[in-house]
Amino acid sequence: MQSEPETVCNVAISFDRCKITSVTCSCGNKDIFYCAHVVALSLYRIRKPDQVKLHLPISETLFQMNRDQLQKFVQYLITVHHTEVLPTAQKLADEILSQNSEINQVHGAPDPTAGASIDDENCWHLDEEQVQEQVKLFLSQGGYHGSGKQLNLLFAKVREMLKMRDSNGARMLTLITEQFMADPRLSLWTQQGTAMTDKYRQLWDELGALWMCIVLNPHCKLEQKSSWLKQLKKWNSVDVCPWEDGNHGNELPNLTNALPQGANANQESMGQCKSLEYQHLPAHKFLEEGESYLTLAVEVALIGLGQQRIMPDGLYAQEKVCRNEEQLISKLQEIELDDTLVKIFRKQAVFLLEGGPYSGLGEVIHRESVPMHTFAKYLFTSLLPHDAELAYKTALRAMRLLVLESTAPSGDMSRPHHIASVVPNRYPRWFTLSHIESQQCELASTMLTAAKGDVRRLETVLESIQKNIHSSSHIFKLAQDAFKIATLMDSLPDITLLKVSLELGLQ
């Protein structure tokens with residue numbers, strides 16, 4: 001700042017194979033990241049390499065000196081810095097003159113200017129102590145003073161490191177996780193049988209997501225993954241380690257404002273939607289012609305969304321299932337579908353319909369399988385302009401909600417990859433059931449709107465609604481929706497849709 005007096009800082013930076021391996025600065029500022037003075041010197045070194053004089057390692061320079069020159073060198077060095085180095089110089093002199101000292105058992109002497117051996121480990125400088133202190137401080141503030149935001153910035157830094165394939169990413173996340181595990185509130189909540197706050201649990205979710213990124217990294221060595229597995233198992237064995245479904249104690253469901261709605265799920269507050277432009281970047285190493293990182297990303301997203309998975313037990317984990325699905329779909333909605341991506345959608349829809357027990361859209365699913373209504377609505381609207389038959393087939397298959405059925409369908413047991421659903425005696429605790437039923441209703445309403453004027457499809461959708469929707473309020477809503485669609489001002493009333501509306505109203 002202009003009002004502040006100019007200060008001179010002494011900065012030292014050590015390099016090893018194009019990495020900054022250690023830094024010191026006389027400013028005394030302590031932080032996880034480099035101070036402004038270290039950054040300034042680094043930029044100066046990068047931009048004006050000719051201005052920084054390059055010296056041989058000091059050991060080489062000393063080797064060229066005779067005895068008189070060496071004595072003069074040492075004495076001048078001590079004279080210039082006598083208050084700082086004299087005690088050390090006298091101690092080293094005594095040790096060198098002693099035949100039995102430890103220093104005389106080692107051949108040669110260290111040289112901080114020579115750099116490391118080619119085989120030595122090398123990684124970017126990371127002040128581990130500062131990382132621990134900062135995380136400890138943020139956690140101790142309990143979500144106040146923007147500490148949650150600060151922790152999210154740390155997580156973002158880890159993501160950035162992973163993106164750059166910086167080995168410090170895993171190191172930094174390990175330090176962060178250790179501080180989270182040491183938080184005294186964990187044992188307090190466990191003893192009291194109370195739930196941790198949603199904000200705090202979201203931070204734990206982010207920890208888990210980052211560890212998944214690390215262990216799934218294809219560039220990591222097997223021994224690294226083995227050591228991480230050992231570390232993760234160690235943390236998992238600690239009593240206070242939170243459960244993923246958040247089911248510590250007898251927490252009562254509180255669904256007030258628990259779930260994001262539709263596209264709002266991905267709005268901004270390691271208030272406006274991000275507007276991104278996605279482009280096809282060619283992926284030369286992959287076999288299929290015409291594939292890009294975008295097509296691969298979209299395909300992986302569709303595979304993930306369509307996987308059959310059992311609804312978890314805990315309230316928070318069930319909310320997270322809905323939230324994560326809607327956030328991923330919201331990301332996909334930002335992408336404009338071209339011919340290449342439509343092919344991917346078609347291929348995946350067919351795979352999911354024929355996918356057996358691995359697919360949430362397979363012919364037979366487990367009674368407690370996570371419903372596919374939200375995902376199917378997205379698939380339906382995306383496929384409808386390009387392949388209406390496949391779009392309806394996908395959406396109609398997804399309409400089921402077996403958890404409310406008294407008996408589940410047995411399926412075609414002649415096909416080896418089909419597994420019969422086992423109906424347990426208990427009624428599962430689905431805390432998000434009202435949200436799920438509203439999404440089922442939305443899917444049905446979307447199909448009714450699209451099927452206007454098509455008698456065959458309207459009858460098929462009606463049958464699906466009568467078979468699969470169990471909530472009288474939602475059936476009534478669909479009766480209203482059908483009536484509105486049938487009597488739009490700009491066209492003649494659709495008689496079939498009016499019949500559908502009447503049938504649903506009577507039901």
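**Exercise 1.** Determine in which hand helix 11 passes helix 14, and describe how the two helices pack.

*Solution.* Helix 11 passes helix 14 in a left-handed crossing, a term used if the near helix is turned anticlockwise from the far one by less than a right angle, and right-handed is used if clockwise. This is a predicted model, in which local features need pLDDT of at least 70, side-chain atom pairs count only at pLDDT 80 or more, and totals for chains, interfaces and linings use all residues. Residues are numbered from 1 along each chain as its sequence is written, and side-chain values use heavy atoms, with hydrogens and water left out.

Next, take the geometry: helix 11 (residues 293–306) and helix 14 (residues 373–383) pack at about 140°, with axes 10 Å apart. Helix 11 is therefore oblique to helix 14, since angles under 35 degrees count as roughly parallel, over 145 as roughly antiparallel, 65 to 115 as roughly perpendicular and the rest as oblique.

Finally, the contact (heavy atoms within 4.5 Å) joins L302, L305 and G306 of helix 11 to F375, Y378 and L379 of helix 14.

**Exercise 2.** Describe the packing of helix 13 and helix 14, starting from the angle at which their axes cross.

*Solution.* The axes of helix 13 (residues 339–353) and helix 14 cross at roughly 135° and come within 11 Å, and the two helices are therefore oblique to each other. Their crossing is left-handed. On the side of helix 13 the contact is made by F345, R346, A349 and L352, and on the side of helix 14 by F375, Y378, L379, S382 and L383.

How values were computed
Axes fitted to C-alpha atoms, helices over the stretch in contact; angles between N-to-C directions. Helix = DSSP H or I, 4+ residues; strand = E, 2+ residues; numbered from the N terminus.
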